[in-house]
Every structure is written in structure tokens, then in C-alpha cells.
Amino acid sequence: MGPRTRRQLEDKLRDRGCEPDVARGVLDRMTEVGLVDDESYAEMYVRSKQETKGLAAGALRHELRQKGVPDEVADAALEEIDPEREKEQARALVARRLRTMRGLERDVQTRRLAGFLARKGYGPGVAYQVVREALDELPENRRD
């Protein structure tokens, strides 16, 4: 079993029928000795999902919230994301996805790529800028 947030562990203990006072005491002690650390978990999670899935800050914030990481802890972990690196990651995602879209109309490509980036948590401004740049670079879209 990998690292878990405090809330995930609370939920698991509750599901197994553990009394709330006992669970709270155990989790407090685990936090004291460093076995449960939401800050470290959030930092590790952000790094991992950014590298493996190319998720942007918006999607990462949502996933951390679902896992029970407090907003202030999630915000601190997300501050480490460099906006320029995030944009480069979006460019790489679009380039990879664009290979499968040859022959489609430009507006179809734009719509699909922007939706793809939106699902990864990229804002509309970044998404459309990256998509427009990528499509402008395609040979069929270059002006003579």
C-alpha cells in the first residue's frame, strides 16, 4: 500500500468499524511520528502526476481535494509548479495527440485538442494558445 492522506486513512478505519475516537488517536500518533504527512503526500502527488500524466494545476487541485488534502496544503504544493514548464508540458501533450489527428479539419483538431487539455486541467487561455501554435506549425496550415 502506498502513501495515503489522513482522510483516506480515517475513511478506511471507519469502513473497518473502528471507533472514531480510537481512529483519531491512532492517526494523531501516526502524524506525530511522521507516518502520516499530508504536506509530503501532496508534494509527491503533484510531482508524480505532473510527470506521468501531464496534469495541470487545476486538475491536481481537484484530485488533491478528493483525496482529503486541505486546501492550504494543496495550494502550497501547487505553488511549486512553474507556469512555463506547465505550458511546455501542454505543448508536448498536444504534439503527441496531434499525430493521431492528421487529415481532420482544423476546427475539429482545435476542438478535440482543447477539450483534451481541459480534461488535463489546463485553462482555456493556455490551451488555445498551445493548440493554435501547434496547428500553425503543421505543413498543411502554413501559408506560402
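Here are a few friendly notes on some helices in this structure.

1. This is a predicted model, so local features need pLDDT of at least 70 and side-chain atom pairs count only at pLDDT 80 or more, while totals for chains, interfaces and linings use all residues. Residues are numbered from 1 along each chain as its sequence is written, and side-chain values use heavy atoms, with hydrogens and water left out.

2. Start with helix α7 (residues 106–119) and helix α8 (residues 124–137), which pack at an angle of about 140 degrees with their axes 9 Å apart. That makes α7 oblique to α8 (angles under 35 degrees count as roughly parallel, over 145 as roughly antiparallel, 65 to 115 as roughly perpendicular and the rest as oblique).

3. Which residues meet here? From α7 come Arg 106, Gln 109, Thr 110, Leu 113, Ala 114 and Leu 117, and from α8 come Ala 127, Tyr 128, Val 131, Arg 132, Leu 135 and Asp 136. Contact means heavy atoms within 4.5 Å.

4. Asp 136 is worth a look: it sits in helix α8 and is partly exposed, with a relative accessible area of 37%. (Buried means under 20% relative accessible area, exposed over 50%, and partly exposed in between, with a 1.4 Å probe and protein chains only.) The C-alpha atoms of Asp 136 and Arg 106 are separated by 9.7 Å, and the two residues are 30 apart along the chain.

5. Now turn to helix α5 (residues 71–78), whose buried residues are Val 73, Ala 74, Ala 77 and Leu 78. Seen down the axis of α5, these fall within an arc of 130 degrees, so they line one face of the helix. They pack against α3 (38–53) and α4 (57–66).

Terms used: Axes fitted to C-alpha atoms, helices over the stretch in contact; angles between N-to-C directions. Helix = DSSP H or I, 4+ residues; strand = E, 2+ residues; numbered from the N terminus. Arc of directions from axis to C-beta.
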